[in-house]
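This briefing sets out selected features of the structure shown below. The points are grouped by topic for reference alongside the sequence.

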There are 2 protein chains.
Amino acid sequence: MSDPSLAHRPTLEAVAARAGVSRATASRVVNGSDGVRAPLAERVRRAVDELGYVPNQAARTLVTRRNDAIAVVVAEPETRFFSDPFFAQQVRGISKELTAHDNQLVLLLTEGAADYERVGRYLAGGHVDGALLFSLHDDDTLPGLARRAGVPTVIGGRPGWSDADTLYVDCDNRGGAREAVRHLLDGGRRRIAHIAGPLDQTASVDRLEGFRDALPGTDPGMIIEGDFTPEGGARAMADLLDRCPDLDAVFAASDVMASGALRVLRTRGVRVPEDVAMVGFDDIVSVAEWTDPPLTTIRQDIEEMGRMMARLLLRRVSPGPGQQESPALSSIVTPTQLVVRASA
Amino acid sequence: MSDPSLAHRPTLEAVAARAGVSRATASRVVNGSDGVRAPLAERVRRAVDELGYVPNQAARTLVTRRNDAIAVVVAEPETRFFSDPFFAQQVRGISKELTAHDNQLVLLLTEGAADYERVGRYLAGGHVDGALLFSLHDDDTLPGLARRAGVPTVIGGRPGWSDADTLYVDCDNRGGAREAVRHLLDGGRRRIAHIAGPLDQTASVDRLEGFRDALPGTDPGMIIEGDFTPEGGARAMADLLDRCPDLDAVFAASDVMASGALRVLRTRGVRVPEDVAMVGFDDIVSVAEWTDPPLTTIRQDIEEMGRMMARLLLRRVSPGPGQQESPALSSIVTPTQLVVRASA
DNA sequence: ACCGGGTCAGAGAGCGCTCTCACGCAGCGC
DNA sequence: GCGCTGCGTGAGAGCGCTCTCTGACCCGGT
């Protein structure tokens with residue numbers, strides 16, 4: 001093998017021997033538990049340094065039943081996970097929070113149903129202490145899989161069913177959408193269309209609901225389902241223009257779709273915001289600030305939501321010191337905020 | 001705990017008992033090794049099903065010293081990993097290849113030097129069988145870290161030093177850059193500028209070399225260092241226009257920077273490709289096809305390169321059946337290809 | 001001087017698995 | 001019929017660690 005150092009890696013036994021203590025004491029020192037007198041502890045620490053000892057995680061896991069690892073499962077069959085900065089930011093937040101708690105992030109990408117079985121095996125295999133599930137669609141089997149595997153779970157985005165035992169983190173999609181439309185109304189717009197996300201996801205449905213809240217009785221023809229991609233946004237915009245050439249505003253359910261829609265407007269020579277105003281959703285800075293014109297949108301703190309998911313999960317996995325049982329953990333819905341730029 | 005099923009999970013022992021065989025035989029069946037007679041094997045398999053047995057990975061790792069997991073370490077302190085689709089595609093390729101070989105992908109994001117220590121600990125902890133390193137900068141300490149940890153490694157992109165023992169996968173940056181510039185020359189362009197990537201990375205340096213190959217003696221003022229972000233590309237473009245208003249072409253070292261540069265050109269009313277031609281690098285479809293105008297660029301098969309990295313690493317980790325020692329594994333440099341769209 | 005209580009260290013039993021080794025039982029040649 | 005080979009199975013020894021349980025020791029109180 002190419003890695004000799006893996007072969008003769010010092011064990012706790014070796015450290016103990018060198019420090020002249022028992023394995024138990026060495027273990028105590030390594031794990032920072034108190035009750036070891038200073039001089040002894042010092043000897044052990046020196047031995048650890050000299051030998052370059054690093055605990056064998058597998059052995060430790062075998063007895064403690066903890067992995068200090070969390071799986072992030074992305075149920076996005078298509079390429080969206082990576083093209084959409086939304087996930088990126090969320091994962092970043094998760095990563096930071098996990099790192100802060102000395103947990104590892106194991107990324108599981110699924111592309112198609114066949115992968116679900118693999119993910120199920122993995123979760124059941126006890127590799128991880130918990131799982132973060134993303135981007136679920138209608139009656140997704142992933143949560144059931146995780147539950148059967150006995151793995152604590154937190155979901156990104158409100159799932160399609162209600163269940164007190166299911167934890168999730170989401171933003172106030174409906175309220176945010178309402179605010180977006182109100183802003184358009186305040187700007188004097190009257191013929192407002194909506195480019196929705198895929199309606200098998202609650203985020204899309206909730207945003208559509210918010211749109212309807214602010215604009216009851218809207219002609220269904222003014223609502224088109226997109227797919228959260230720029231191309232989808234572009235297609236929807238083109239359709240919309242064909243159906244209803246005199247529309248004066250669009251609320252797109254994501255910045256990414258809005259960017260596609262803006263491109264179509266520009267191509268068709270429609271001025272934004274003079275002829276048509278546009279509001280997006282997400283406030284993905286790298287998109288919203290760089291569209292032409294910069295995009296007015298509904299901000300959600302995506303990275304923070306990622307952190308929250310991780311925090312919630314970690315607490316569910318190991319109830320902190322002091323509290324015995326998880327102290328009634330509950331799902332989190334974060335507020336949104338209108339960010340006005342040039343497009344509306 | 002919230003997961004009772006984790007608590008009383010059946011062991012191999014239980015399976016063996018139920019099937020009326022020894023633990024050894026049960027293990028043989030579970031691991032698919034031959035030499036167990038059919039009826040016995042069938043009994044074991046039934047027991048596995050009935051009990052819902054899943055092997056305990058920690059116990060297995062403890063004795064086999066294999067994790068079936070690979071770390072992907074991204075040395076990108078800034079937010080680039082997630083905003084740049086380049087990484088995304090690469091990770092996708094890696095993920096696919098690892099999945100095909102039943103390996104897990106453990107993602108380690110580093111943001112700053114402090115994280116290096118954590119990564120070092122993790123690698124040394126024997127959690128993974130190998131590591132894929134990305135986006136290294138000059139004299140990055142990551143490879144040393146991995147080596148000391150005794151973890152087989154493959155690097156994405158040619159590292160800044162030469163070392164027969166270091167495996168990497170990269171594309172022909174220099175050749176690709178040369179081709180880009182030649183295309184511009186063929187189009188009759190004569191005042192060609194270059195927006196380089198950060199010059200502490202070999203990809204940037206190599207592309208710059210290629211640029212110089214095709215255009216020896218270029219005024220250094222026509223070369224500006226960017227940072228592989230759209231903003232950096234925009235800034236560089238602005239500078240370039242100020243310094244040299246009569247330039248007639250730009251070769252940007254990445255599509256992402258090219259997109260930023262194109263925005264600036266549009267803002268300044270410079271027509272592309274009439275006044276200024278633009279060639280990018282990477283062929284990130286979601287960027288290159290959607291710029292205005294669509295971007296002529298140098299294609300590298302990023303996803304495939306990800307696959308190659310994974311394949312190389314897996315082979316290094318466990319030499320396949322047949323060959324004893326790794327059969328002289330070597331680094332891979334893939335060809336590039338000019339993709340002509342509208343911008344040049 | 002004796003004893004009870006508290007503190008700190010060590011002994012040792014596993015955690016669940018793999019894998020070597022030994023053993024039993026065919027089938028073969030002589 | 002005897003040993004020999006060879007295949008299929010079981011016994012058992014660890015892998016490296018944690019953690020409980022026990023015991024040694026020291027202290028103060030009587």
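Sugar or phosphate accounts for 68% of the atoms of DNA strand C within 4 Å of the protein, and bases account for the rest. The model is predicted.

*Surface near the DNA*

- Around DNA strand C there are 27 residues, of which A:Arg65, B:Leu12, B:Ser27, B:Tyr53 and B:Arg60 come nearest.
- By residue class, this surface comprises 13 nonpolar, 8 polar and 6 charged residues.
- Four helices each supply at least two residues of the surface: helix 3 (23-30) and helix 5 (57-64) of chain A, and helix 3 (23-30) and helix 5 (57-64) of chain B.
- Helix 5 of chain B gives the most, with 5 residues.

*Polar contacts with the DNA*

- In chain A, a polar side-chain atom of A:Thr25 is placed 2.8 Å from a phosphate oxygen of DNA strand C.
- A:Arg28 has a polar side-chain atom 2.8 Å from a base nitrogen of DNA strand C.
- In chain B, an N or O atom in the side chain of B:Asn31 lies 3.0 Å from a phosphate oxygen of DNA strand C.

- Strand 2 (residues 104-109) of chain B is mostly covered, with 6 of its 6 residues buried.
- Both of its faces are covered: B:Gln104, B:Val106 and B:Leu108 are buried on one side, and B:Leu105, B:Leu107 and B:Leu109 are buried on the other.
- Strand 2 (residues 104-109) of chain A runs antiparallel to strand 2 of chain B, and 3 bridges join them.
- Within strand 2 of chain B, B:Leu107 is the bridge partner of A:Leu105.
- Strand 1 (residues 69-74) of chain B pairs with strand 2 of chain B in the parallel sense over 6 bridges, and B:Ile70 stands opposite B:Leu105.

*A four-stranded sheet in chain A*

- Chain A contains an open sheet of 4 strands in the order 7-6-8-9, with parallel pairing.
- Strand 7 (223-225) and strand 9 (277-279) of chain A are the edge strands, each pairing on one side only.
- On average, neighbouring strands of this sheet are turned by 15° against each other, direction ignored.
- Strand 6 (residues 192-196) and strand 7 of chain A pair in the parallel sense over 3 bridges, with A:His194 opposite A:Ile223.
- Helix 11 (residues 202-214) of chain A packs on the sheet and touches strand 6, strand 7 and strand 8 of chain A; its direction makes about 170° with that of strand 6 of chain A.

How values were computed: Residues numbered from 1 in each chain as written. Chains lettered and ligands numbered in written order. Predicted model: local features only at pLDDT ≥ 70, side-chain atom pairs only at ≥ 80, totals over all residues. Heavy atoms only, no water. Buried < 20%, exposed > 50% of the residue type's maximum accessible area, 1.4 Å probe, protein only. Pairing = 2+ DSSP bridges. Near = heavy atom within 4 Å. Polar contact = N/O pair within 3.5 Å; in protein donor to acceptor, adjacent residues only side chain to side chain. Nonpolar A, V, L, I, M, F, W, Y, C, P; charged D, E, K, R; others polar. Axes fitted to C-alpha atoms, helices over the stretch in contact; angles between N-to-C directions. Contact = heavy atoms within 4.5 Å.
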